Amino acid sequence: MTDTLQEEPLLIAEGLSKSYGRQLGCRDVSFELYEGEAMAVVGESGSGKTTLLNLLSTQIAPTAGRVLYRMRDGVTRDLAALGEAECRLLARTDWGFVHQDPAMGLRMGVSAGANVGERLMAVGWRHYGRIRGSATNWLHRVEIDPARIDDMPVTYSGGMRQRLQVARNLVTQPRLMLMDEPTGGLDVSVQARLLDLLRGLTADLELSVVLVTHDLAVARLLSHRIMVMRDGEVIEAGLTDQVLDDPQEPYTQLLVASILPP
Amino acid sequence: MPVALELITVSKSFTMHLQGGLRLPVVEGITFSVRSGECVVLAGRSGIGKSSILKMIFGSYRCDAGQILIGDCTPRTDVATASPRRLLALRKTTIGYVSQFLRAVPRVPAIDVVAEPLLGSGCSREDSRARAADLLHRLNIPESLRSVPPATFSGGEQQRVNIARGFLPDLPVLLLDEPTASLDAENCAVVTGLIAEKKKRGTAIVAVVHDDTIRGRIADSVVDLAQFATAA
Amino acid sequence: MNAPVYNFAYLDEQTKRMIRRAILKAVAIPGYQVPFASREMPMPYGWGTGGVQVTASILGPDDVLKVIDQGSDDTTNAVSIRNFFIKTAGVRTTTSTGDATVIQTRHRIPEAALGEHQILVFQVPIPEPLRFLEPRETETRRMHALADYGLMHVKLYEDIARHGHIATTYAYPVKVDGRYVMDPSPTPKFDNPKMSNCAALQLFGAGREKRVYAIPPHTGVESLDFEDHPFERYRLDGTCAFCGANDSFLDEVITDDRGGRMFVCSDTDYCETRRSQSGAAETRAGASVPR
């Protein structure tokens, strides 16, 4: 059996810590994420999982530690060393960020087509027909009727808005998706549909995903690896099925035992 | 034939922190090996840890001590200490697992449940589905059910979908947990036939089987876990 | 009687110096909005205070000033501002585009081509082209700094999606010298091409918003568009009722209560020049045109 694991990780967190004065956001988080891997970060409120996501997406700066990212040219760079323009470009082309509240990740005042096409226009696409064609294609892929391309997101249901947010992020074919409770607040059937979609898309597009969720079932469905956090620290990490089937730490055992049976 | 899988003094126990740190031993000192094309059946009373051993080989369970060595190239990979990334790669290329119960993703049709592992290793969607359909046909799952999510299937039907999913890709090591438990005689025969075919292709198989007859048909050797009796 | 004594062109010298410095910065960075300490002027915001402050800062005793409003020298605003400078600067004024050295304009660019010895001063209400899409000043500044103009095209995309074509007809956004996106002030898009490679210096002043920006002479200015929806220089299909021009921007003039109307050159000086050049032209009977 040949060793096919030569490639470098796509995203590396090294000793990431963030504190707000005396308030701890997260402490000493480290991991390596490779292409095509989906990692769930689970924990209850206050665990630091959202802080971690914001550190990874450079929305906030760490108090200690660093985030390293392998660019498309193969060079791994410290995100703190990138200029603002470079970061913004990365955020627009290489990364996607799906917010829990779709209104935060969409422009509610412009049409769905414009929402999906915006990133393309931001990276220099100047052909209306092609922009619209790409938008139509992506709406179709996230199971939104392309006939609604000119409708405003305010006319969309919650589930549709969330899928629109996904399409908006995927249009520039990012390699890394960061998701913050993407199914939070959705009806159960709507949630199921979105999860299926995410599952299919991340597999088809070989996306790397960091998924923050408090729902262990979502983690099991969408992720290969899992990191359990509590009070800002990583309690346990490993393969999703291993951590959930054979939890080692007391807190992990508590979380798993607390899942309501269907 | 080369040794495809070797367990060396594998031990496991559960520590139940929620029950005051109660320690439940599972297995201790498990040692055996499996060659390519060989089927080893794990035997022992219920609860002795047969399924747990399968899970440890697959990486779903941790083990406290020992080694689980896979492959024939040096150095061999030790599942017990492999990184999550390597384990994921192993599952894609080397180890298949047919669990006792199908964990069905809601809303995914049976044919896609079966085809998924093949898709993951680079096969086209049409190809994987075609091969999945063939296997489902052999396992007597009618065409009408193939586009239905298996959550509503009977236990036996679910198990057959599970088997198809596990048997479809061509992996060197295959773990089977009670593959025939919910099946009638006809389907049992199909499954034993499939196992025989896999052995001919050089697949190393570790199986947990209760039924003596089935065991007789498929086992090249039997590992009785009672010989590794755990300390009470 | 105590007649007020004004400093030349009303503003004190230190203020003019501050504004000239801002203008120099603006010229050095074409299309970039330079903040300046806009003064309280003797007319309210919204009446051209930005343009007036820029003109006041660059005017010298030998300059010849022309002031137009929507192309006309004769409207109330143009007359008021011209009188303001006559009173406070005593400079020569003219209605002839060719004779002027400084032209202050509201919402139109003169039809006649301008020369290197001339300066065109625009009155600007809202200098920020992205304002209607992104209300946060912090965010628009960042967008300009990072040349992050995708949002501008989103607006044009929406137009095409909604109307089948780019519906913006005035204040049509442009890219200056290939770098900054700029609002040309509410001039009709018909005038956009005149800004490009113009021999004159073009200065833009926004008094309420306290910004000044500039297009240096002979600088490239492109109107934003899509490859498959290129910029169109829209103009009514017709000729001027007075001078017969078919290449100038036309105003629609209502002549009676029964829907009667006629189209005349918006640029009054251009129209008169053409008429005097081709001999006396007769005005259509019954039309009352402000003189």
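Colleague: How many helices and how many strands are there in chain A?

Modeller: In this predicted model, chain A has 10 helices and 10 strands.

Colleague: Why is helix α4(A) called roughly parallel to α6(A)?

Modeller: The axes of α4 (residues 112-122) and α6 (residues 158-170) of chain A cross at roughly 30 degrees and come within 7 Å. Angles under 35 degrees count as roughly parallel, and therefore α4(A) is described as roughly parallel to α6(A). From α4(A), the residues A112(A), N115(A), V116(A) and R119(A) meet L164(A), A167(A) and R168(A) of α6(A). By class, the contact of these two helices holds 4 nonpolar, 1 polar and 2 charged residues.

Colleague: How do you know that chain B and chain C are joined by no contact?

Modeller: Two residues are in contact if their C-beta atoms lie within 7 Å, whereas the closest C-alpha atoms of chain B and chain C lie 35 Å apart, and no contact joins these chains. There are 2 pairs of chains that touch, and the pair with the most contacts is chains A and B.

Colleague: Which parts of chain A supply the side that touches chain B?

Modeller: The contact itself is between 21 residues of chain A and 20 residues of chain B. At least two residues of that side of chain A come from each of α7 (188-204), β10 (233-239), α9 (240-245) and α10 (250-257) of chain A, and α10(A) gives the most, with 4 residues. The side of chain A that touches chain B divides into 10 nonpolar, 6 polar and 5 charged residues.

Colleague: How many residues do chain C and chain A bring to their contact?

Modeller: Chain C brings 13 residues and chain A brings 17 residues. On the side of chain C that touches chain A, 6 residues are nonpolar, 3 are polar and 4 are charged.

Colleague: Why are β2 and β5 of chain B said to stand at the edges?

Modeller: The open sheet of chain B has 4 strands in the order β2-β1-β4-β5, with antiparallel pairing. In that sheet β2 (22-35) and β5 (77-78) of chain B each have a single partner strand, so one side of each is left without a neighbour, and both are edge strands.

Colleague: What makes β4 of chain B and β5(B) a pair?

Modeller: Pairing needs at least two bridges between the strands, and β4 (residues 65-70) of chain B is joined to β5(B) by 2 bridges, the strands running antiparallel. I70(B) has T77(B), in β5(B), as its bridge partner.

Colleague: Which residues in helix α7 of chain C are buried?

Modeller: T268(C), D269(C), Y270(C) and C271(C) are buried in α7 (residues 268-277) of chain C; a residue is called buried if 20 or more other C-beta atoms lie within 10 Å of its own. Among what covers the buried residues of α7(C) is β12 (261-265) of chain C. After α7(C) comes G279(C), with a positive phi near 95 degrees.

Conventions:
Residues numbered from 1 in each chain as written. Chains lettered and ligands numbered in written order. Predicted model: local features only at pLDDT ≥ 70, side-chain atom pairs only at ≥ 80, totals over all residues. Nonpolar A, V, L, I, M, F, W, Y, C, P; charged D, E, K, R; others polar. Buried ≥ 20, exposed ≤ 12 C-beta atoms within 10 Å, placed from the backbone. Axes fitted to C-alpha atoms, helices over the stretch in contact; angles between N-to-C directions. Parallel < 35°, antiparallel > 145°, perpendicular 65-115°, else oblique.
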